Amino acid sequence: MTRLLALLLMLPLLAQGAEPAAEQAAGFQLPIGQVLSLGPLPISADLLKENSKADELRRALVMQLSEGGLPSHEKPVSAFGRTLRWQHAQPAAQANSDGLMVWALNLESAAFVQGKLEIVGLKSISSWRNGMSEKDKDGVIELKLATGSHALLLMHYGRDGDTPPSLRWVGKSARDHITTHLDPKRRVSARLLSNAETATSLAVSNDGKLAALSFSARNDTAGIDLRRVEIRALDNNRVLQSWTSGQPSALAFSPDNGWLAWREGKHLWLRDLRDGSSRLLLAEHEDLGSFRWHPDSGSILFSWTTKSEDKDAKVKRLRALEDRWRTFRDNSQLFQVDVSSGLVRPLTREASSVSLQDIHPDGGRVLLSQNLVDYERPPFGLVRLFELSLVDGTTREVARLRQANAVRYADEGFWLLAGPGLAESFASSLAAGAHPVDDRKLEATRTPVSADDRSLRGSPLEASAKADLPNEYDSQLYRLSADGQTLRLMSGDFLPSIGGIELLRNGDLLLPVTEADRSPLYRYSTRDERFSRIDTGVDQMDSFVVSGGANPVVVLFGTDVAAPQRVHAVDLSRKRIRVLVDTAATAYAQVELGEVRDFRFSNSSGDEIDGRYYLPPGFDASRKYPLIVFYYGGTTPINRQFTGRYPLHLWAANGYVVYVPQPRGAIGYGKGFSSQHVNAWGEYAADDILEGTRAFVAQHAFVDGERIGNIGASYGGFMTMYLATRTDLFAASISHAGISAIASYWGQGWWGYGYSGIASRGSFPWNNRELYVDRSPLYSADRITTPLLLLTGDSDTNVPPGESHNMYTALKLLQREVELIEVPGEDHWILDREKRYVWWETILAWYDRWLKDEPQWWYHLYPETAPKSDE
């Protein structure tokens, strides 16, 4: 069946009575044998036809019929005590009924198509495609179908006169053909990727017996977002309580296991786990922030923001570079609410915002941080770390650090995450006359790695450094003394980059890390000073929590590179994984995905460059496929998440092979590898992308080397423009939010100067023209010959839209093939759901135009670009 589906996806089906392909624009009959019928349904046709709620009633039915996925022959449907089954449509019999009938068609389009579906011989038709209503006029439905699978439901009231029921497709042109089939398997779609129910937050009780999960989904038929919260027993995965809710931004069990707290907009809710009742603890608290339980379970500490009140000012004098940020003048302080009485008391009153880093286990003090303006040294900021006594309100400053990504209490002193250069900045930040830095403790001593990590030896993780300066995004683990005077590096030879810290009851640490293109979890033994990898059962761990008992349990959710989200419970003592939720068995049960394979090569410098590639569903190695090369090139690898802002499986489902290289400069491959990002601005990354693409094409005969597209975003968008000045290897290029002039991004992007303080450390426009000018694509725009699509949100504060405008202006004046598409109201990420769909369609339509010689989708989206007819 899989092979049959593959053929249906790629070739037009000459169905019963179909004309030759050259005549399909005139129309052809769809085979009734490839239509499923349900009914007549147990509902009065007369009562339904004239009912003022008829549309809503039909929508309710479609919502339920669509929930179970595409129908299949003999699939049962229960209604008002009767069991109906989907059957092959028999016009002569079933269509004679005057009752409400439902027909289902599974349509496939191998390219973007436009046409009409003409329905003859059926009464009072209403239609729904992929759960959404389609307008029809006199039995004719105008359809515009993107490449992929489409489920069409037709409601009608039986046969209309003596004309035998029939379905006829009339394409706008001979290329606009579709096929039908009965296999419920389908290709992944944009709406499924964004609408499928997923876990969004989680918590685990301190005793490891309960897990709380919040879920979010979208129902397009009803046009609503669906959100709910549930509490499960971890011993048997039984749902104990469940309720609908707004989107909770956090879930947290009290340490005594008596309460579950969650924040919902302006409110903080409590649920009593003993009787299931809910209680509103804080109501209408505008700009309520994150929260944490006090260890005694009697109170909750939370942040609360006071917004800046200078909206009516006629002018604005910037107080600092950070004053360009919308939230810079807002002030977030720490408060505490008593659970019993509801009494709230302020804990801090600082001139600028504070952040809660940790609460001491004894409950008597908390660890806070403040970001201070300071431009003396890169990365041009300062973190003030201080303690606050909850007993008498006194404070004690611990240290002022150039970097501090996360800080937690240790048994003595503090655990600290920061970049490899913290040692140097720490030494320089000590006040004159203070205790000197312990050089012996700062040295990068070799940290033992467990057997689980030995497979990394000989990989690019051991690449030698080719730059003198470290990449400060490659986060390391440190131990800071209680007096703030002594610092020790604990992860000297640990290759992954560490992203967070959670403490276990015995003092060990749980560390989420970036390791190559995976995001696993490690345990750090404080006694042995050793790292060991924990099997979480997923490639990409997106979130985790851990219980506080003697036998800790981790609850997490994540994905694999070719499998959607799962929620797992991991018993750390028994090293056992229990699957709590698996969306592959629910939302994606009928979806056929292409295979994902690894591809590595050795570059001309002798480094092994990691990578992977995605194959279309129904892959045929004897065919030639167009290729999309997707990269970042910045300081993080493209991880193995199932989906995201750039849906690689969707691209593959549209008939593309997708290659993802991980060029030099990325964290997760060791400090020598990541350091090659500093002061490089594309130098090493461009070489690796070009060498990798050529090697990939040479080793895979199914790739059409004349039809290669490339795409990157942010720093990857810079890479697209930079590559376009160096090569004509690519037939079509896309840059989303790309940097065209490094100096203008440095000065105008909200984080440009801070990012450049790491990526371009020591280099400025006045002392390194080679980097800021010669490496900027704008100054070599005359070398670009590849058709280039520039995408940007028109409200992007990270990489301002002007970076795309720079290149658009240059290429327009040079009369090159260039398009600029702005997404109104969107920042660096395209978050609005419907705008995201058009953004995704624009990307695929651009590639269809240049890599498949199929411009119809692009011309449909942007008709003013279509060639003018001779008429």
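This briefing walks through a sheet, the nonpolar cores, the salt bridges and some backbone details of the structure above.

The model is predicted, so local features need pLDDT of at least 70 and side-chain atom pairs count only at pLDDT 80 or more, while totals for chains, interfaces and linings use all residues. Residues are numbered from 1 along each chain as its sequence is written, and side-chain values use heavy atoms, with hydrogens and water left out. Helices (H or I, at least four residues) and strands (E, at least two) are DSSP runs, numbered from the N terminus.

**A four-stranded sheet**

- Strands β15, β16, β17 and β18 form an open sheet in the order β15-β16-β17-β18, with antiparallel pairing (two strands pair if DSSP finds at least two bridges between them).
- β15 (198–204) and β18 (239–244) are the edge strands, each with a single partner, so one side of each has no neighbour in the sheet.
- From one strand to the next, the twist averages 20 degrees (axes are lines fitted to C-alpha atoms, and angles run from 0 to 180 degrees between N-to-C directions).
- Within this sheet, β16 (residues 210–219) and β17 (residues 224–233) run antiparallel and are joined by 10 bridges.
- Arg218 has Asp225 in β17 as its bridge partner.

**Salt bridges**

- The whole structure holds 52 salt bridges, each defined as a side-chain nitrogen of Lys or Arg within 4 Å of a carboxyl oxygen of Asp or Glu.
- Side chains of opposite charge can pair when their charged atoms come close.
- Asp225 and Arg833 meet through their side chains in one of these, at 3.5 Å from N to O.
- Glu387 and Arg365 form another salt bridge, at 2.9 Å from N to O.
- Glu387 lies in strand β29 (residues 382–389) and Arg365 in strand β28 (residues 365–372), 22 residues apart.
- Glu387 is buried at 6% relative accessibility, whereas Arg365 is partly exposed at 30%.
- Salt bridges with shared partners join Arg191, Arg218, Asp220, Asp225, Arg227, Arg833 and Glu834 into one network.
- Arg274 bridges to Asp272, with the closest N and O atoms 2.8 Å apart; Arg274 is exposed at 58%, while Asp272 is buried at 11%.

**Nonpolar cores**

- The largest nonpolar core has 48 residues, and Trp651 and Tyr847 have the most contacts inside it (a core is a set of buried Ala, Val, Leu, Ile, Met, Phe, Trp, Tyr and Cys residues joined through side-chain atoms within 4.5 Å).
- Helix α15 (residues 833–851) gives the most to this core, with nine residues.
- Beyond its neighbours within four places in sequence, Trp651 is in contact with residues including Phe630, Tyr656, Ile843 and Leu844 (contact means heavy atoms within 4.5 Å).
- Apart from this core lies another, of 39 residues, among them Phe599, Tyr625, Phe673 and Ala686.

**A buried loop serine**

- Ser519 is in the loop between β37 (509–514) and β38 (521–525), and counts as buried at 9% relative accessibility.
- Its side chain makes a polar contact of 2.8 Å with that of Gln540 (a pair of N or O atoms within 3.5 Å; within protein, one must be able to donate a hydrogen and the other to accept it, and residues adjacent in sequence count only if both atoms are side-chain atoms).
- Leaving aside neighbours within four places in sequence, Ser519 is in contact with Val513, Asp539, Gln540 and Met541.

**Backbone details**

- Most residues other than glycine have a negative phi, and most peptide bonds are trans.
- The peptide bond from Gly39 to Pro40 is cis, with omega near 0 degrees, and Pro40 lies in the loop between β2 (36–38) and α2 (45–49).
- A cis bond also runs from Pro378 to Pro379, where Pro379 is in the loop between β28 and β29.
- Ser297, although not a glycine, has a positive phi of about 65 degrees, and this residue is buried at 7%.

Note on methods: Buried means under 20% relative accessible area, exposed over 50%, partly exposed in between (1.4 Å probe, protein chains only).
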